[in-house]
Amino acid sequence: QVQLVESGGGLVQAGGSLRLSCTASGRILKITVMGWYRQVAGKQRELVAAISSDGATNYADSMRGRFTISRDDAKNAVYLQMNSLKAEDTAVYYCNADRVMTPSGFRDYWGQGTQVTVSL
């Protein structure tokens, strides 16, 4: 079984920064794409950023230029550096590991979520 554990959420003032971390554990052979999503109560979960195993990145338009995603394959970890935070960035942020290869095959996994609150 693969587990994703997130950390780094919290309360920050507008204009501030936070760094989210997510580490995957288990019998992992390869993780194709790692990413971050966020969800506000009553709304659909949305992509924040994703990074593939070859380093290609994808950002939501509203995050591009403020957020930076990176990964460390030796640690099966993905990070999200969030700068110039705005009140509208307040959400629960979820780590995602897409097409994770294990001895059992391929599957997607989600973390439990970490709250990010940006105050005015």
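Trainee: Of the contacts with a separation of 6 or more, what share comes from residues 24 or more positions apart?
Mentor: In this predicted model, such pairs make up 54% of those contacts in the protein chain.

Trainee: And how many helices and strands are there?
Mentor: The protein chain has eleven strands and zero helices. Going along the sequence, you read β-β-β-β-β-β-β-β-β-β-β.

Trainee: What about the radius of gyration, how does that look against a compact globule?
Mentor: The two agree, because a compact globule with 120 residues would come out near 14 Å and the protein chain has 14 Å. Along the principal axes, the C-alpha trace spans about 45 × 25 × 25 Å.

Trainee: How much of the chain is buried?
Mentor: Of its 120 residues, 42% count as buried. The accessible surface is about 6,300 Å², and carbon and sulfur atoms hold 48% of that.

Trainee: Switching to charges: how far apart are the mean positions of the positive and negative ones?
Mentor: They're 2 Å apart, taking 13 positive and 10 negative charges in the protein chain.

Trainee: Now a single residue. Where is Gly8?
Mentor: Gly8 is in the loop between β1 (3–7) and β2 (10–13). Its relative accessibility is 33%, so Gly8 counts as partly exposed.

Trainee: Which residues is Gly8 in contact with, leaving aside neighbours within four places in sequence?
Mentor: Those are Leu18, Arg19 and Leu20.

Note on methods: Residues numbered from 1 in each chain as written. Predicted model: local features only at pLDDT ≥ 70, side-chain atom pairs only at ≥ 80, totals over all residues. Heavy atoms only, no water. Helix = DSSP H or I, 4+ residues; strand = E, 2+ residues; numbered from the N terminus. Rg over C-alpha atoms; globule rule 2.2 N^0.38 Å. Buried < 20%, exposed > 50% of the residue type's maximum accessible area, 1.4 Å probe, protein only. Contact = heavy atoms within 4.5 Å. Areas by Shrake-Rupley, 256 points an atom, 1.4 Å probe, with all protein chains shown as cover. Lys, Arg positive; Asp, Glu negative; His and termini not counted. Charge placed at Lys NZ, Arg CZ, Asp CG, Glu CD.
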